[in-house]
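Please find below a note on the structure under review. It is arranged as numbered points for a reader who has the coordinates at hand.

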Amino acid sequence: VSDIIVAEKKYAKTVKVALENYKLLNKSFRLSKLNQQTFCGFVPIATGIQESKLWESPSLYIAIPVHCDYIQSLNNRASQANLSSIFPLILGYAKQTCFYSSSALGNTKGLLITSPFGEIMNIEYNFLENIVKSVLLQSLLRFGDCVQRIGKDRLRKLIEELPDGTTPQKLELMGDDRTLVIPNRALNILVDEPFQNFVEQIFNGQDVENRSDFMMTLWEMMAKAYRTRRVVRRGEIHPDSKVRESGHAVLWIDPDFENEFISQHGSDSIGWITVTEQGIKQTFDLTKVMFSRGNISEKIRFGKLVHEGDLVLDLYCGIGYYTLPALIHGKARHVYACEWNPHALFFLRHNLEQNGVSSRTTVVDGDCRVRLREEKIVELDFDRVSLGLLPSSEGGWKIAVEALRKDTGGWLHIHGNVSVQERDIWAMWLCKRLSEIYNELYSHGRDSRDVWVLCNRIERVKSFAPKVDHLVADIFVGPQLPEGINVETSGCKIGIIGPESTFIQVNSEVVITPSCALGHGILHQEWMM
């Protein structure tokens, strides 16, 4: 496993020669194709590059092995100046399994090399295709009695037999400090049966203290392998949790790193992390507040959708996931940000301050359906409303429609977890329900035919679960067509805008209710209704 930088293949020779001249090229490994199975911890450097872009055409890119000192100094201005000729050619850095150079091939027996965590180890006992298995093995080698009883070959075989769910090939590095995130069930002695059985065979009934020492050794060595100062386990969000707490837990933290947190933020701050995306700093406590890196594309898109001068309402803002892009990239005139999780509210205010946009934000604490009416904020005529609650934001649709501009109407950006097979059904049902809500609100003075309800786009954010996608529907609701949209209809004003501005009419009488509708059998949490 090597530290690598990623560059376009056409610049490989130029970059390699420059690195070689500065003695930064790791000659123990060969330049390699990108390998999605072992590629991990990608940190972009070039503007606009994301890991997903690499896998669209992986053959266009090359992994160039470098010494870890170079990786650690990539953000150093002096290093950038020294390598000014090639720095613009570097897309980012990561880790990946690379083939050994010819000096090592055919001569691995007894060959000593430097491991990913800076220790000397024998190639015979290294898993070249799986960092986690390699670290697991090296951790156990420190417990001499167990190794002597079982034997190294038997130990290696037991590790080889562990399933991918227990020892995944790829792990996530999260945040600006590159915190290592272990999946919920991976290497989990409490809930993963294969790992429980494995540990039982290794320690053969020895006391709990030995097993505890082994797990702490494992986490520390995992941290060294990934060159991080903190290791956490991914938690699970309970479906009935109103505040959507993350459930993450800190497994290991470097003592010096821990002292830094305590001195800066207090004794209860070892879960604090900052994730910078598109120049926006998002700080939160990962043990208390959820965060999804998979939403980055939608944050960028939302920032572009917001027009300069817009008045925006964010009904479920969290730590500012969509509030911050609206203010910073969209240049919204003002955002009213609603949240009821006290932990998220604390970090929302912190993030507004550290990004310099608190003066253009009003934080609304509590249930948005109640507080917006109490404070008469619902009467302010918003240009657009973000409803970023999963698995469903249905409980907020009425207040959202009511908050839109009364003269021209406005845009709703509705998030939801939707069956892949029900994408179109969901869109049609949304249009029907929103037209019904509009008519309920304004039936005293308007004919139902006066309202336009147009689904202009359905954006797939990410896969949420097998055959379930996280979708966002951009829907206009109002008494007149929005600026820039022209559609030909046969009198019906409720429908979906298809390719080339074609209009797909929604017939309310035949619309099917999707399985993700609240109270329809699957999503029944009362707090969302």
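The points below go from the whole chain to a group of strands and then to one helix.

1. Overall content. The model is a predicted one. The protein contains 16 helices and 22 strands. Of its 529 residues, 53% count as buried.

2. Contacts and surface. Among contacts with a separation of 6 or more, 69% are between residues 24 or more positions apart. The accessible surface of the protein is about 24,600 Å². Carbon and sulfur atoms hold 49% of that surface.

3. Strand E9. This strand covers residues 179-182. Thr179 and Val181 point one way, whereas Leu180 and Ile182 point the other way. Burial applies to both of these sets, as all four side chains named here are buried.

4. Pairing of E9 with E8. Strand E8 (residues 172-174) pairs with E9 in the antiparallel sense, over three bridges. Within this pair, Glu172 stands opposite Val181 of E9. The two strands form a hairpin, with four residues between them. In the turn, Gly175 has a positive phi of about 85°.

5. Pairing of E9 with E10. Strand E10 (residues 230-233) is joined to E9 by three bridges, and these two strands run parallel. Leu180 has Val231 in E10 as its bridge partner.

6. Span of helix H16. Helix H16 comprises residues 423-442. Its 20 residues reach 29 Å from the first C-alpha to the last, which is close to the 28 Å expected at 1.5 Å a residue.

7. Burial and packing of H16. The buried residues of H16 include Trp426, Trp429, Leu430, Leu434, Ile437, Tyr438 and Leu441. Lys432 is also buried, as are Cys431 and Tyr442. The buried residues of this helix pack against helix H15 (397-403) and against strands E18 (410-419), E19 (452-465), E20 (468-478) and E21 (494-497).

8. Ser435. Where does Ser435 lie? Its place is in helix H16. Why does Ser435 count as buried? Ser435 counts as buried because its relative accessibility is 4%, and the cut-off for buried is under 20%. Leaving aside residues up to four places away in sequence, Ser435 touches Val453 and Ile494.

Methods: Residues are numbered from 1 along each chain as its sequence is written. This is a predicted model: local features need pLDDT of at least 70, side-chain atom pairs count only at pLDDT 80 or more; totals for chains, interfaces and linings use all residues. Side-chain values use heavy atoms; hydrogens and water are left out. Buried means under 20% relative accessible area, exposed over 50%, partly exposed in between (1.4 Å probe, protein chains only). Contact means heavy atoms within 4.5 Å. Accessible areas come from the Shrake-Rupley method with a 1.4 Å probe; for residues, only the protein chains shown count as cover. Two strands pair if DSSP finds at least two bridges between them. The expected span of a helix is 1.5 Å times one less than its number of residues.
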